[in-house]
Amino acid sequence: MCLAVPAPIAPVRPTPEKTVKPHLIRRLSRLSVPPLLAAGLLGTCASLPARGSDDSAATVGHSPGSMRSTLWSSEAVWTSAAPEDLDDPKKKELAMRLLSSAENSSLDWKAQYGYIEDINDGCGYTAGIVGFCSATGDMLQLVEDYTARKPSNPLAKYLPALRAVKGSPSHKGLDPGFPKAWKKAAKDKTFQKAQRRWRDRLYFKPAVSQAKKDGLRSLGQFAYFDAAVMHGKSGLMSIRSAAKKRAKTPAQGGNETKYLRAFLDARVKSMRKRNPKTDTSRVDTAQRVFLEDGNLDLDTPLTWHVYGDKFHIKRL
């Protein structure tokens, strides 16, 4: 994902009309820092800091250790099993489907390994399962790791160019062959595994770990993950800080629902700070819907809307 790159940078794009495909507008508000002015234009990226530098039963109660009940022949049978966290394999699969609905307008996240395009947001090429960007360095880290593990690969020859364009939206040295090479590499299991590894290292694990420390269950963990993917880790922490000014985290003795409302409000504010017309449906008609339904464990079935499209997951 694109976090922050220095000027020169592209202007903020107006909200596209409905005729524009949703996946082309999905990252308009991914940044957590104020825009820079360059040559009279609002920038889409500022300084390049830390992104990538970090090497159903009924629920009873509202705490992570809630008891669950299952009715068998009208008799309640109690267990002490806690709800699964987002790093549970099934919940992680659910998280990736939710993320893909916002990132690619599809629940099939595994079909996105070969995705690549320049969406004209000042971050160069955006590609792969979480939108690694040529301008921000996470794409470079990914390709370097892939090449270290498999030196003979379609992307290896583009490493000098990726190093040169880091910090800018330039395609110099990448065009015209880089997109085709990316799609070819995406068929390689080694490259697919590398994408998953860097997704976890840069976004999933830090976000879920912080959410657990804050006492949040699966919905809150996903809210942190989605924010990290769009805004970067530093952007996530800025949104979290803003939310904590309005409500205590569960770990601080606060109410989980109240805190998550504050977090989602801060997230939307961050998205709209850059462009008041930014589509915030990935929050307002998805995560906020689950929250107001009281579904803090992200139990299926789930129904939500992103960019006007309806999505439904019956079960995993």
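A polar contact is a pair of N or O atoms within 3.5 Å; within protein, one atom must be able to donate a hydrogen and the other to accept it, and residues adjacent in sequence count only if both atoms are side-chain atoms. The structure is a predicted model, in which local features need pLDDT of at least 70, side-chain atom pairs count only at pLDDT 80 or more, and totals for chains, interfaces and linings use all residues. Residues are numbered from 1 along each chain as its sequence is written, and side-chain values use heavy atoms, with hydrogens and water left out.

- Helices (H or I, at least four residues) and strands (E, at least two) are DSSP runs, numbered from the N terminus.
- The expected span of a helix is 1.5 Å times one less than its number of residues.
- H1 has 15 residues and reaches 21 Å from its first C-alpha to its last, close to the expected 21 Å.
- Because 11 of its 15 residues are buried, H1 is largely enclosed by the rest of the structure; here buried means under 20% relative accessible area, exposed means over 50%, and partly exposed lies in between (1.4 Å probe, protein chains only).
- Among the buried residues of H1 are Lys 91, Lys 92, Leu 98, Leu 99 and Glu 103.
- Helix H2 (residues 138-149) has 12 residues and extends 17 Å between its first and last C-alpha atoms, close to the expected 16 Å.
- H2 is mostly covered, with nine of its 12 residues buried; these include Asp 138, Met 139, Asp 145 and Tyr 146.

**The kinked helix H6**

- What separates the ends of helix H6 (residues 218-244), which has 27 residues? Its end C-alpha atoms are only 19 Å apart, short of the 39 Å that a straight helix would reach.
- H6 has a kink of about 125 degrees centred on His 231, where the bend at a residue is the angle between axes fitted to the seven residues ending there and the seven starting there.
- H6 is mostly covered, as 20 of its 27 residues are buried.
- Ala 223 is found in H6 and is buried, with a relative accessible area of 2%.
- Ala 223 and Ala 211 are 12 residues apart in sequence, and their C-alpha atoms are 8.8 Å apart in space.

**The second largest cavity**

- On a 1 Å grid over the protein atoms alone, a cavity is a set of points where a 1.4 Å probe fits but cannot get out, and lining residues have an atom within 4 Å of a point.
- The second largest cavity has a volume of about 60 Å³; grid points are joined across faces, edges and corners, and the volume is the space filled by probe spheres set on the points.
- Helix H1 (89-103), H6, helix H8 (281-292) and strand E9 (302-306) each supply at least two lining residues, and H1 gives the most, with four.
- The lining includes Leu 98, Phe 222, Asp 226, Arg 282, Gln 287 and Trp 304.
- By class, the lining has seven nonpolar, two polar and two charged residues; Ala, Val, Leu, Ile, Met, Phe, Trp, Tyr, Cys and Pro count as nonpolar, Asp, Glu, Lys and Arg as charged, and the others, Gly among them, as polar.
- Gln 287 lies in H8 and counts as buried, at 2% relative accessibility.
- A polar atom of the Gln 287 side chain lies 3.3 Å from the backbone oxygen of Arg 282.

**Loops and backbone geometry**

- Most residues other than glycine have a negative phi, and most peptide bonds are trans.
- A cis peptide bond, with omega about 5 degrees, joins Asp 175 and Pro 176; Pro 176 lies in the loop between helix H3 (159-165) and helix H4 (178-185).
- Ser 168 also belongs to the loop between H3 and H4, and it is buried, with a relative accessible area of 19%.
- The peptide bond from Thr 300 to Pro 301 is cis, with omega near 5 degrees, and Pro 301 lies in the loop between H8 and E9.
- Leu 298, found in the loop between H8 and E9, has a positive phi of about 50 degrees although it is not a glycine.
- Asn 120, found in the loop between strand E6 (116-118) and strand E7 (125-127), has a positive phi near 60 degrees.
- Are these two residues buried or exposed? Leu 298 is buried, at 0% relative accessibility, whereas Asn 120 is exposed, with a relative accessible area of 51%.

Conventions. On a 1 Å grid over the protein atoms alone, a cavity is a set of points where a 1.4 Å probe fits but cannot get out, and a pocket is an open set with protein on both sides within 12 Å along at least five of seven lines; lining residues have an atom within 4 Å of a point.
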